[in-house]
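Biologist: Please take me closely through one part of this model, starting from a single side chain and going on to the annotated site. Give the cut-offs as you go.

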Amino acid sequence: MNKVLQLGLQSSVINVAKFLVVPIRSLRVGSSIVGVGVGTRSVNKRLMSNATVKSIPFSINNSKGKEGSDSGRAEMGTPQDDRKDIEAMTVQELRATLRKLGLPVKGRKQELISTLRLHMDSNLPDQKETTSSTRSDSVTIKRKIRNMDEPTEDDYSNSEAYGIEHGEKRVKQSTEENLKAKVSVKAISKERKSLTKTGKQQIHLKEEALSTISSELLKTEEMISSLSQSEPWTVLAHKKPQKDWKAYNPKTMRPPPLPEGTKCVKVMTWNVNGLRALLKLESFSALQLAQRENFDILCLQETKLQVKDVEEIKKTLIDGYDHSFWSCSVSKLGYSGTAIISRIKPLSVRYGTGLSGSDHDMEGRIVTAEFDSFYLINTYVPNSGDGLKRLSYRIEEWDRTLSNHIKELEKSKPVVLTGDLNCAHEEIDIFNPAGNKRSAGFTIEERQSFGANFLDKGFVDTFRKQHPGVVGYTYWGYRHGGRKTNRGWRLDYFLVSESIAADVHDSYILPDINGSDHCPIGLILKL
């Protein structure tokens, strides 16, 4: 087997490390965390309030009492009357009464009143069903808690001194209740501290989580920035992008491979901008490209070879690609030039447009290969040049001649037209449409001619059909370093006859391949 171009080129495929992007919605975590913190504090407050009420051993007086219990009301009086009588007592009277009952006598008047009230309430008939307390009961409960939480030595000594003589049993019961209440209050205090500590820990954890998220976002931004430098084509670059446009990314926008056994052909095309210069590069090898893409046919434009160079180049062909066909410029040496390199033997090959004596065929711009199911035309369309000197020739002669050539071939079988067509057809196909309206390749005349001579005659732009709102460029000028910022043009195409447009499985761009101011593009066509 012979060898396909040992192009000496090295694939610049970049293996980008995988990373977790933190969804932008994660930013809402910050607000929700704050909400949780506030909610936790309010819940804790409610829990503590409820716990305080439930943990205090006391009976709530029912002002209604039992129906028909007149004797009880006559002996005891109503709770309201009793409270009024107690409040009317002097401090000396209160202390004397408390001493008789064996109760503590230390404290201010209101504290003595509370102690006496509490003793009265504890001696009322037990109520199994409790109801909500009045505001005064709540105040009394709080004071009782305060008194029990900070008892004095006098309280205990007075209880012991008068307990035996004036009702040891009641003092013991009261002391047990006090101890229970004290334990309950301490438990509540401990629970409050625990909950507060837990809340602080949760807030601390949330703050750590926010810090981690911020750190991850920063890392993500740095990786995106790094990615935009290493893979600039993944970042949308356009002066006036539409809201639904997005950047072309071959890693995510190519369809899955065809099932094994599916009959198809894979064609690639590339304007190499000087084949001999490309062969001297150590950064890329055509063997690697062939192994990576496993193409069947490779079309080259702007080889800039002379006829005398072809035989030497053929010696460097990669094994398996046995068929190569070269067209060189004879009117201007080392200029233009096209080639088709294939591992499939074509049925026939022709050069130029076939028009006898045509000037179009003097620059080596067309090679046509006939295969079983289609014609493949590889072409390098003339540039209109600086100052648009060749614009008239381009649109009035070249485009029309090529269009007629295609339509003639199409009479027998479908046609695939590929190569550097030197026209960015729509505004989506060029980074700065407004600034290039009179630039070669984007003039209104060239764009209209492109539509009239190819698209309007039944040819389909396969990439645009597959990716209607995608910005993908194939050319970046050296002069302004456009490749680093993805400020490019889409000048390279695969146009196919409408009859086989539905058989196109994939039309793609390989923007990671360097070595020229153009990048390769590919077509997978089901047969």
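Modeller: Phe 463 is buried, at 4% relative accessibility (buried is under 20% relative accessible area, exposed over 50%, partly exposed in between, with a 1.4 Å probe and protein chains only). The model is predicted, so local features need pLDDT of at least 70 and side-chain atom pairs pLDDT 80 or more, while totals for chains, interfaces and linings use all residues. Residues are numbered from 1 along each chain as its sequence is written, and side-chain values use heavy atoms, without hydrogens or water.

Rings of Phe, Tyr and Trp (its six-membered ring) pair if their centres lie within 6.5 Å; planes under 30 degrees apart are stacked, over 60 edge-to-face, and the rest tilted. By this rule there are five aromatic pairs. Helices (H or I, at least four residues) and strands (E, at least two) are DSSP runs numbered from the N terminus. Tyr 248 is also buried, at 2%.

Now the annotated site. An unreviewed UniProt entry places a "binding site" at Asn 271, Glu 302, Asp 420, Asn 422, Asp 517 and His 518; such annotations may be inferred rather than shown by experiment. These residues spread over 248 residues of sequence yet cluster in space, the largest C-alpha distance being 13.0 Å. The lining of the largest pocket includes Asn 271, Glu 302, Asp 420, Asn 422, Asp 517 and His 518. A pocket is an open set of points on a 1 Å grid over the protein atoms alone, where a 1.4 Å probe fits, with protein on both sides within 12 Å along at least five of seven lines; lining residues have an atom within 4 Å of a point.

Glu 302 sits in the loop between β4 (297-301) and α12 (307-314) and is buried, at 14%. Its side chain makes a polar contact of 3.1 Å with that of Asn 271 (N or O atoms within 3.5 Å, one able to donate a hydrogen and the other to accept it; sequence-adjacent residues count only if both atoms are side-chain atoms).

His 518 lies in the loop between β15 (504-509) and β16 (521-526) and is buried, at 4%. Beyond four places in sequence, its contacts (heavy atoms within 4.5 Å) include Asn 271 and Asp 420.
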